Amino acid sequence: MRKDLKGLVIFFSLIFLFPLLVRNPYYIGVLVFWGIYSIITLGLTILMGYAGQISLGQAGFFAVGAYTSGILTTRFGLPPWLGILAGLGLSLLLSLFLALPSLKLKGHYLAMATLGFGEIVHVVLNAWVGVTGGPSGFGEIPALSFLGWKLDSEIRFFYFTWGWVFLFFLFSLSLLKSPYGRALRSLHAEERIPLSLGVNVYFYKVFAFLWAAFYASFAGSLYAHFMTFLSPSSFTLILSILLVLMIVVGGLGNLWGALLGAGILTFLPEILRTFEDFEMLIYGIFLILIMIFLPRGLVSLRRGKVATGD
Amino acid sequence: MVKRLLLLVMFSLVGCLIFGAEYRIGAVFAVTGPASWLGDPEKKTVEMLEEEINAQGGINGIPIRVIVEDTKGDETQTVNAVRKLITRDRVLAIIGPSRSGTTLAVIPIVEKYKVPLVSCAAAEAIVKPVKKWVFKTPQTDRFAVERIYQYMKKKGIKRIGIITGTTGFGAQGRKHLLALAPKYGIEVVADETYAPQDTDMTPQLLRIKAKNPQAIVNWSIVPGQAIVPRNMKELGMNIPLFQSHGFGNIKYVKAAGEAAEGIIFPAGRLLVADLLPDTHPQKKVLMEYKRKYESRYQEPVSTFGGHAYDAFWLIVNALKAVGPNRAKIRDYIENTKNFVGTGGIFNFSPEDHNGLDIEAFEMLTVKNGKFTLLGD
Amino acid sequence: MDWQNFLQLVLSGITIGSIYAFIGIGFNIIYNTTSIINFAQGEFVMLGGLILYSFHQTLHIPLIPAILLTLILVTLIGIGMERLTLHPVKNPTVLNMIIITIGCSIFLKGVALSIWGREVYHLPFFFPRPPFQIGGASITTQSLVVWIALILSSAFLYFFYRFTLLGKAMRACSVNPVAARLMGIKVKSLVTLSFALAAFLGGLAGVTITPISLMDYQRGSLLALKGFAAAVLGGLGKEFGAILAGMALGITESLVAGYISSGYKDAVSLLILLFILFVRPGGIMGSKEEISLREL
C-alpha cells in the first residue's frame, strides 16, 4: 500500500505539471481523454480482475452517462450536476437490471448479455431521433462549472478530470483493501471456498458490476461536457472491446494496469496516425499475444506486485 | 560564445521565416466511410489545386499547405478533426466538411475559435440563420426541392411519397419537402425514413406503395441513394424516382445498376459541361476543371469535387488579396461577387453566405448509365 | 389486413433468419467440441462476403470458382485461428478463451479494414433474373440461393453427424470429452475440424447474403450476436435448434421493421437474447445445458 501511495504521489505530480510544460491545447486535450478513459478502466478492472467477470458493454454505460448529461442540460436546461447524477442513477438501475440475472450464468453468458446490452444502447441512440438526435447526434452541451469556475478550456478541464482520476484511484485502492475487496479477491481465485464459508458470492459480484457501471457513467458525463458534442459513433461495440482489451493488456486487476491500458488506448491512435487503418489489426495481435504469453498483462513484466491490494 | 549563440538564434529565426513560412489551410472530408464518394473527389481536388498553386510559386511567393483530415463521414470524428486543425495546426481557414450533419456539428466550434469555414455540404440550415464564420459552396437543398417541385407541377404530379435518411442532410431535406409541397399543389401521401446504415428499405417502400403515389422522392447521401432504386425495382415499383443533388457521382449510378435508369435529380452543370453551349458563362471553368481532374485521376468528375474546387478558390483568392488573417479572409469571402465556380455564379453578402440561387440547378437524369440533361 | 405485405415481410424474414441460423449452427459446432463461444464467428461471414468480392469483382474470377476459392480460404482462416491462438494456450480459463476469440475477432476486423477499407461492398445477384411473384409478394433469386444453401448444409450436417464415424466422434466429444478421449478419439483434431466447419458455414453465409445486404468490415459483430441469440434460443449445443430459432428471430425482426419501426429492428433480436438468457437459458428446446450454464 505504501508503495502505491508513493507511486500515486509521483505519478500525479507529473500529470499536474504537464500542462505547464506543454502549452498546446490540443495535446492537453488528448490527456483529458486519457483521464476519462482511465476512469472507465479503473472501474472495469475491479470487475474483471477481482470479481473475474467480463463486461463487453461498458460503452453502453459510458453512453448512458454521456447522453443523460447531454440531453438533460441541453433539452431541459438542468444544471450539469443534476445531469451527471441522473446519468449515474440510470446507469446503476440498468446495471442492476443486467447484473442480477446475468451473474447467475457462466462467464460466456455474462459476456454475451453485456454485449447485447451495449448494442441495444447503441441501437436506441441511433433510432430515438427525437431525443438523441439520431446518427447525427447533438451539440452545444454547456460547460461544467466547478465552484463557480467555468470549465470551458482544455487546461481547466484537464485539472478537473485528473483530479477525479486521482480520487477514483484512491477510492478503488481503499475499496480493495477493505473486507469487501478481500472477499472479492478470494472469490475470483476459487468460488467454492468462500461459498462454503457462507460468503454471499453472488452479492459481491453484483456489487462489482455496479461499480464498473458507476465509473463508466461518470466518465461519460465528463466526456459529454468536454466534447460538447455527442453522436452514437463514440459508443460502439468496438470501444467496449477495446476497453476490455486494455485492461487485459495493462494487467487484470491492477489499478496501474488500468491507467496504462487507458493510456495505450488514447495514445496509440495518435502515434499511428499514418497507419490508422492498421490500428485494429495491431490491437488484435496484441491481445492474442498477451493472452498466450503474458496472461497477467504488461504490468506483470515489472517485478513485484503493485496495487493489486496484496 | 554569446556572440555565436546569438548568431545561431538569428539564423534559425531567419531560417524559420524563409523555410517555415507557409500558408496552412485545413480540410475535413469524408474520405473513407459511407460518404467516401463525396469526400474522396473533394480531397483529390484540393490536392490537385494545392500542387498547381505551389508550382506557380505559391501565393505571393509563399507556399500553401492543405492539411486534409479524414472524418470517415462521422460527426464526432469531424469535431475532433476540426479541433485538431484549429488548435494543433493553427490553420487560416477550413474547407469542408463533406456532409450536412457533420457541418452542423462543427459550427459552434468554428464560431467559438473564430475560424472561417467554407463547407461542401448543402443543407440550408448551415447558412440560415447566417453564422458569422460559416459559408457553403453547394447549392441549397431548399432550392433543389423547389426545382423538383417545379418540374413535378409542370408534369401534373400531385401525389408523392417521400423517403429520407435520418442524417442531417436527409432530415433537412425532409423538412423542405414537407414545407414546400403545398406551394406547388403537391400532396405528400407517405413520409418514411431510414437510418444511414440500413441496407434494406423494403418495409418503408411497401408502406409507400400502399398509398399509391405518382412519384417518390428520396433524400439522402450514403448508400441509400443506390439501395432505394434497387429495392423499388425488386418490388416492381415503376413510378418515377427523384433524388437530391447528392446523386452527383456516377458511382451511385453504377451501384444502383439498371435501377438507376430514369432517375431524375437537380444538379450543378459540371456533370453535363460538355453539353452546354460555348457562350455559357460557366463553361470555361467547368471544362478546365473537368479536363484537369479527369486526366490526373482517370475518373469522371463529380459535383462534390466541384464544391471543394469552389471552396478552395474562395479561400485562396481571399488569401491572395488580404494575407494570412482569419478575420480578413472571412470579410473578403463575405463580399465576393460574381465568382464563377463549378456550382454556379456566386454572389455573397452578409445576409447570404451561400451566394447561389435556384438558377444554379439543371435538371438531370440517367440514360444508358450516363448523366444527361432532362429533356422536357 | 394486408396479406401481401405480411407475406413479403415473412419471406425476407426467412432469408435473414437463414443467415442467423448459419451463424448459430457455427456457434453450436464449436461449442460442442470445445465449450467455447467463438466471438469471431461473425467475422467468418464478413470475410466470406468481402473475399468473394475481391475474387469475383476485382480479379474477375468467374462466379463458381470464386465462391469455391472463397470458401476454401475462409475455412483455412478458421483452422489457422484455432491452431495459432487457441491451441497453444495451456490450462485456459474461461476468461482467457473469451478474450482470445475476441482478439481474433478484432484482428480479423483489422485485417479487413486494412484490405477493404470502410467502404460498403456490393455483389450482383448470382442469378440475374427478375424476382418471382408468389401471392403478390416477390422473392428474389438470391433469397432462394440462401434458403437452398441452408437446406443443403443442414442435410449435410445431419448425415455427417448420424452416419459418419467422424460425425459420431464429434457428437461424442460434446457429450463427454474425457470419455471420448479414452475411447481413442483424437479430440484435438476434432477441435480443429469443428473450427473448419464453423468457418465454412460462416463463409457460405457471407457469400450468399452479401448480394442482398451488402457487406463491410464491421458487419460481423452484430450478425454474430444475433446468430448467438439463435443458438441460445434453440438450445446451445443442439445442432438444429439454431435453425428454427434463427428463422423465428429473422421473421420477428422483419415484422417489427415492417409494422413498428425499422430503426429499432436490431434491438429486437438482442432483447430476445437477453430475455432468453435471463429467463430460460436452456432455450425453447430446454436442455441439460441449462444446468451446466448456471454458476454454482
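**Exercise 1.** How many residues does the contact take from chain B, and how many from chain C?

*Solution.* The model is predicted. Chain B supplies 20 residues to the contact and chain C supplies 19 residues. On the side of chain B that touches chain C, the largest share is 5 residues, from helix H7 (residues 202–210) of chain B. Sorted by class, this side of chain B has 9 nonpolar, 7 polar and 4 charged residues.

**Exercise 2.** Describe the side of chain A that touches chain C.

*Solution.* Start with the totals: 41 residues come from chain A and 39 residues from chain C. Next, find the elements of chain A that give two or more residues: helix H4 (80–102), helix H5 (107–127), helix H9 (192–196), helix H11 (237–250) and helix H13 (279–293). Of the elements, H5(A) gives the most, with 15 residues. Last, sort by class: this side of chain A holds 28 nonpolar, 7 polar and 6 charged residues.

**Exercise 3.** Find how helix H2 (residues 25–50) of chain A is oriented against helix H10 (residues 201–227) of chain A.

*Solution.* Two packed helices are described by the angle and the distance between their axes. Here the angle is about 170 degrees and the axes lie 8 Å apart. Angles over 145 degrees count as roughly antiparallel, so H2(A) is roughly antiparallel to H10(A). Now look at the residues that make the contact: among them are A:Val32, A:Ile36 and A:Tyr50 of H2(A), and A:Phe209, A:Trp211 and A:Phe226 of H10(A). By class, the contact of H2(A) with H10(A) has 21 nonpolar residues, 1 polar and no charged.

Note on methods: Residues numbered from 1 in each chain as written. Chains lettered and ligands numbered in written order. Predicted model: local features only at pLDDT ≥ 70, side-chain atom pairs only at ≥ 80, totals over all residues. Contact = placed C-beta atoms within 7 Å. Helix = DSSP H or I, 4+ residues; strand = E, 2+ residues; numbered from the N terminus. Nonpolar A, V, L, I, M, F, W, Y, C, P; charged D, E, K, R; others polar. Axes fitted to C-alpha atoms, helices over the stretch in contact; angles between N-to-C directions. Parallel < 35°, antiparallel > 145°, perpendicular 65-115°, else oblique.
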